[in-house]
Amino acid sequence: MLVHSRRTRRALQAAFLALFLPVFALPFLVVVTASLATRWSGVLPSGATLDHYRAVAHADALDALTTSVLTAVTASVLALVTGTWAALAARGSRLRRAIEVLFVLPVAVPSVVVGLSLLVAFSKPPFLLNGTSTIVVLAHAVLVTAFAHQSVTAALDRLDPAYEQAAASLGASPLRVLVRVKVPLLLPSLSAAAGLCFALSMGELSATMMLYPPDWVPLPVKVFAATDRGALFPGAALAVLLMATTLLVLLAVSRIRTKAAHR
Amino acid sequence: MSTGIRFDGVTVTYGRTTVLDSFDLTVEPGEVMALLGPSGSGKTTALRALAGFVEPAAGRVHIGDRDVTALPPHRRGVGMVVQQYALFPHMKVDANVAFGLKARKAPRAEITARVAEALEMTGMAAYAKRYPRELSGGQQQRVAIARALAIRPGVLLLDEPLSALDARLRSGMLAELARLHRELPDITMLYVTHDQVEALTLADRIAVMDSARLQDCGTPRDLYRRPRTEFTASFIGTANLLPVTVTADGVRLAGTALDVPAGGAAVGAPATLCVRPHLVGLGEGPNALRGTVAEVQWRGATHRLCVDVEGHRVTADLPELPAPPPAGAEVTLHFAAHDAVLLPAGTHG
Amino acid sequence: MAEPVAVPDAVRRRRFPARFLLLPPVAALGLVFLHPLALVLWQSVSPNGGGHSFAAYTDVFAQAAFRDALRNTVLIAVGATAGALVLGFFLALVIAFVPFPGGKAIGRFIDIFLSFPSFLITLALLFVYGSTGMANGLWTGATGAARGPFDFLHTPWGVLLAEITYFTPFVMRPLLGAFSQLETAQLDVAASLGARAPRIVRQVVLPEALPSLAAGGSLVLVMCLNEFGIVLFTGAKGVTTLPVLVHSKAILDGDYTGACVVAVVNIALSLALYGLYRTLTTRMEGDRRARA
């Protein structure tokens, strides 16, 4: 503990709340409240309404939600498979450092540029993907692979080598060690990584703005389109839809994780 | 300029748990007081209340003639040495030792002199320019002691200072601490430990703690010879604790009458008889206890006999026997009345 | 490390194909990430007329819009990073060392915060400080004026505010990690030696937190340089950053070569800083291992 006088402690806590609440909690509160408000140009919103949700509850917005979820799930699976594979294969290899650098690179490159590069690369045969949903999914997969790879690598570093050594000394083949020992032990980290990938993909806007075809419009683009034409309140309702879906999936994943960890 | 310490009914609670219960203790100026007890007994809490890191729910804490209960730690002027050393890892040894002097804005020349003096005193002068991570555990603890001494505190608090060291280093450091106290007789020391050897070796007096309460307090010799509770008897040294009943002319262990003065205890009252194993003899004598040998342990210089007497296990530590009795043999043990202490029953923690 | 006697056979079988096992993921990443990036570089030196030249670079560098975007990007990124560092350090310090009920919940809240998209912050700020938002509504209501005074959302200041808000938790997370490693006994001893809280923060806490502060700071700097959603959502025509310029050149103007030039500049800037970040974090890990 850093301060011992009760008065100083109270003062610091007050300063903390004065900074933390408006800066971090308020934005979400505001978006959620606005999505339920008729008008808001005072301290409090003017009236409660579900109109914005009714407005977004038609097929268009639900299509966007489905698009986002499908994109996020596919991209997460691709990223997890690639990232985990690379992390496992790089173990003990002399190329390990190089692989690690290669796989975190997408974090350092601006997402917009990742979008641009896919546009440049896949706009002409033999890979004509421009204007398809595939190119959006690919972009998302590239962007989240880094996170999947990083968390699996970190989990592998923490994994006690005694487990695999014990399994190997009992005569298990490397494949059996992988499937029966390593993957089950990595399950909590894998599910955490899956949750993170899903959440990041759900909110991805930068690369998507470069790539989305008219028939594959994810939710963040919809939110932007709404606010861009001045429809702030329906935009807020869409944003709440996005946050709620993300939270639900994160919650489900953390449930699975606690179960896996307590086994 | 000696400074004493006084705890006046200090109570500390965390939520609904009381971790220190109306604790009263006076430490004389220049005295070494050991707070001895198992973990969770409240001894560290008492030390932290004195240093100012926990706020008592009730009671006052005095250092010298100052009531420091409301003072923040940095104004209490106590030196502190903790188990994990807590040296600042990014500072060299001399900067660690100078930290307290700089915080007090001492003049630069004085800082240099006192740092040198403190390092000299702890035998660490040669290591002034090393980083803590380059030192062994024992050396780190010496630096921590030098750091605490550099501010010339009236009171030095030591919180399990030797428990992170291995056994051999520990006895060396114990002698070192005793020497430091001889050289600095004015410093009052409060020494928290769970190790009775440390307490017996170093302390002028020992305060025995258990279950958030002060159980017993006295000189090491006094506590060892004349413990006042079962807890003290079993925590300091080993003891045979036998349930007896007070009779008109002594006490009775089941069927065996023993000639032990019962003091003022009422006839028929239950009591606990405490005899140290090394004061129990083999063979006939006064206060004879007949029983069956359950176990014989050879311990080099001694033999330990575990004998079942009237359904109770009695341990005797005897000088090495040329022909120890085998397990199952019937033997007689005895002890002198003045080696036994009668304790109130049910005072175990 | 000594292997058990029975294992060498299995080990040899595993070692041999290890390099081949690496091929599929690396090839996948090469196809959808490295190769496209190389094409961006290639395109930036291949003007539409054919041949190769740096003409596109000269062109783009000469545009006022590009120089503006570059300046905006760097200034906003540096400002937002500095703001996030100061705010993040203070908040993490309080959470770690001035415990209060609900502190743990805040840690979890930060994790959730990190998984939400950045543009939500701008969206919220639009409700608070927008031209018809809370703050201006309050002002016009109180003074009867036709317009409120808060009109900074469409300026670099609005972007700065949103970026500080969004990126502060990215600074806090590594800091909270570093603080949890710090022995609280050090703080206690420092206090008993006579040091007040500010001195303890400066001389004991800060030196220990410096590596994570540097690492968190450079990560945030990179993310600020690459940030797109926040700037896009302010709808500010006056605030253009490099990522926004890439988007507008490619999608609105159809000028792929120009977009690629800007992209190359942006990548160079980000990679240089990301390299710095990796160096710092690697050194930090090394330090921690050396100390352990």
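Chain C has 12 helices and zero strands. Read from the N terminus, then, its elements simply go α-α-α-α-α-α-α-α-α-α-α-α. Everything described here comes from a predicted model. Of the 292 residues in chain C, 48% count as buried. The contacts in this chain also reach across the sequence: taking those between residues at least 6 apart, 74% join residues at least 24 apart.

Next come the neighbours of chain C, starting with chain A. Here 73 residues of chain C are in contact with 70 residues of chain A. Quite a list of helices takes part, with at least two residues each from H1 (8-44), H3 (64-97), H5 (119-129), H6 (134-143), H9 (197-226), H10 (229-234), H11 (242-252) and H12 (256-291) of chain C. H1(C) gives the largest share of this side, 20 residues. As for the kinds of residue that chain C brings to chain A, the tally is 56 nonpolar, 14 polar and three charged.

Chain C also touches chain B, through 17 residues that are in contact with 19 residues of chain B. On the chain C side, the elements giving two or more residues are helix H8 (184-192) and H9. H8(C) supplies the largest share, with seven residues. This side of chain C splits into eight nonpolar, three polar and six charged residues.

Chain B itself comes in two parts. Its domain assignment gives domain 1, covering 5-231, and domain 2, covering 245-344. The centres of these two domains, taken over C-alpha atoms, are 40 Å apart. Where the domains meet, four residues of domain 1 are in contact with four residues of domain 2. The domain 1 side of that meeting consists of one nonpolar, one polar and two charged residues.

Strand S16 (residues 289-298) pairs with strand S17 (residues 302-309) in the antiparallel sense, over six bridges. One facing pair to look for is Trp298(B), which stands opposite His303(B) in S17(B). The hairpin made by S16(B) and S17(B) has three residues between the strands, and Gly300(B) takes a positive phi near 80 degrees there. S17(B) has another antiparallel partner in strand S18 (residues 312-319) of chain B, this time over eight bridges. In that pairing Thr302(B) sits opposite Pro319(B) in S18(B). S17(B) and S18(B) form a hairpin as well, with two residues between them, and Glu310(B) in its turn has a positive phi of about 50 degrees.

Tyr191(B) is a handy one to click on: leaving out residues up to four places away in sequence, Tyr191(B) touches Val32(B), Met33(B), Ala34(B), Leu35(B), Leu158(B), Leu202(B) and Ala203(B).

Conventions
Residues are numbered from 1 along each chain as its sequence is written. Chains are lettered from A and ligands numbered from 1 in the order in which they are written. This is a predicted model: local features need pLDDT of at least 70, side-chain atom pairs count only at pLDDT 80 or more; totals for chains, interfaces and linings use all residues. Helices (H or I, at least four residues) and strands (E, at least two) are DSSP runs, numbered from the N terminus. A residue is buried if 20 or more other C-beta atoms lie within 10 Å of its own, exposed if 12 or fewer, and partly exposed in between; C-beta atoms are placed from the backbone. Two residues are in contact if their C-beta atoms, placed from the backbone, lie within 7 Å. Domain bounds come from an automatic or database domain assignment. Ala, Val, Leu, Ile, Met, Phe, Trp, Tyr, Cys and Pro count as nonpolar, Asp, Glu, Lys and Arg as charged, and the others, Gly among them, as polar. Two strands pair if DSSP finds at least two bridges between them.
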